[in-house]
Amino acid sequence: MSGCPFSPNASEGTLDFSQSMSYGDYLQLDDILNAQKPLSPDHNEMLFIVQHQTSELWMKLMLHELSAAIRHIDQDELPDAFKMLARVSQIMSQLVHAWDVLATMTPPEYSAIRPYLAQSSGFQSWQYRCIEFSMGNKNAAMLLPHSHRPDLHALVESSYVAPSLYDASLKLLARKGLAIPQDYLKRDWRQSYAANAEVEAAWLVVYRNHKQHWDLYQLGEELADLEDAFRLWRFRHLTTVERVIGFKRGTGGTGGVSYLRKMLDVVLFPEIWSLRTSL
């Protein structure tokens with residue numbers, strides 16, 4: 001394949017790139033591979049930096065796919081949306097396994113680099129915050145860590161004020177004739193979603209008549225896959241942090257493990273889960 005850096009026979013490939021774009025040029029590898037700037041003398045800081053930089057790259061792709069999926073749902077283009085949501089779930093799976101690598105860092109190794117991190121923390125990731133807002137976990141306080149950067153604050157705020165993926169999904173159900181309460185179709189999108197019995201009843205119609213509502217049924221299962229993957233990502237984050245720092249406070253000022261445990265209780269698409277009891 002064209003993206004593979006290896007060739008079974010070097011004579012079959014182009015060897016002179018003095019006048020053409022190379023693999024490294026296309027991917028801007030000079031910039032990427034020179035973006036690791038350890039501040040401590042400790043060997044293990046490179047792992048910590050690469051782990052978080054690669055996670056941010058995956059999150060960039062996740063936001064690219066997630067925002068496009070919402071647009072496609074808004075336009076009733078569900079096959080495209082399904083493809084993108086499935087890809088987001090797979091990206092989250094990739095991020096889950098990335099924690100396995102960071103978990104090779106022992107507590108003494110992390111302690112050696114921790115003073116050099118100052119107050120920087122993944123808690124301040126603007127891309128992660130956009131992902132959470134796009135998936136419906138809205139919290140105005142989470143805009144504040146970005147107030148020192150008007151450009152980033154504007155990006156995070158745009159996700160905060162916009163309808164979430166689940167809001168877009170409920171508007172789709174309404175367009176398809178399902179009974180969604182009007183105040184759930186024109187609500188304040190800045191507020192986190194609250195479960196509603198009438199919304200669950202609408203999803204139950206879809207699930208009990210899944211052949212008639214196949215696209216909506218598939219959407220419900222894509223949402224379940226997505227939240228399932230998100231929960232695993234959060235859980236693996238929690239266990240890795242507990243393994244490496246125990247119950248110390250996070251560098252960003254959160255309670256560390258206690259904060260991450262609280263995040264595990266957040267349910268993004270509540271009726272998608274609660275309806276299963278009634279089936």
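This is a predicted model: local features need pLDDT of at least 70, side-chain atom pairs count only at pLDDT 80 or more; totals for chains, interfaces and linings use all residues.
The protein contains 12 helices and zero strands. Read along the sequence, its pattern is accordingly written α-α-α-α-α-α-α-α-α-α-α-α. Taken along the principal axes, the C-alpha atoms fill a box of roughly 60 × 55 × 35 Å.

Helix H10 covers residues 214-245, and its length can be checked against its residue count. At 1.5 Å a residue, the 32 residues of helix H10 should span 46 Å, and the end C-alpha atoms are 46 Å apart, so the two values agree. Just after H10, glycine 246 takes a positive phi of about 65°.

The interior is considered next. Buried residues make up 42% of the 279 residues in the protein. The largest nonpolar core has 73 residues, and those with the most contacts inside this core are Trp203 and Trp233. When neighbours within four places in sequence are left aside, the contacts of tryptophan 203 include the leucines Leu170, Leu173, Leu216, Leu219, Leu223 and Leu275. Tyr166, Gly220, Glu271 and Ile272 are also in contact with tryptophan 203. Among these partners, Leu216, Leu219, Gly220 and Leu223 fall within the residue range of helix H10, 214-245.

A buried position is also found in a loop. Serine 164 lies between helix H7 (150-161) and helix H8 (165-175). The relative accessibility of serine 164 is 2%, and because buried means under 20%, serine 164 counts as buried. Not counting residues up to four places away in sequence, serine 164 touches Ile70 as well as Phe133, Ser134, Met135 and Gly136.

One nonpolar surface patch, of about 470 Å², is made by Met21, Tyr23, Tyr26 and Leu27. Tyrosine 26, one of the residues of this patch, is found in helix H1, which comprises residues 23-27. Its relative accessibility is 61%, and because exposed means over 50%, tyrosine 26 counts as exposed. Serine 164 is thus buried, whereas tyrosine 26 is exposed.

How values were computed
Residues are numbered from 1 along each chain as its sequence is written. Side-chain values use heavy atoms; hydrogens and water are left out. Patches are made of residues with over 30% relative accessible area and no salt bridge: like charges are joined within 9 Å, nonpolar side chains (Val, Leu, Ile, Met, Phe, Trp, Tyr) within 5 Å. Accessible areas come from the Shrake-Rupley method with a 1.4 Å probe; for residues, only the protein chains shown count as cover. A salt bridge is a side-chain nitrogen of Lys or Arg within 4 Å of a carboxyl oxygen of Asp or Glu. Helices (H or I, at least four residues) and strands (E, at least two) are DSSP runs, numbered from the N terminus. Buried means under 20% relative accessible area, exposed over 50%, partly exposed in between (1.4 Å probe, protein chains only). A nonpolar core is a set of buried Ala, Val, Leu, Ile, Met, Phe, Trp, Tyr and Cys residues joined through side-chain atoms within 4.5 Å. Contact means heavy atoms within 4.5 Å. The expected span of a helix is 1.5 Å times one less than its number of residues.
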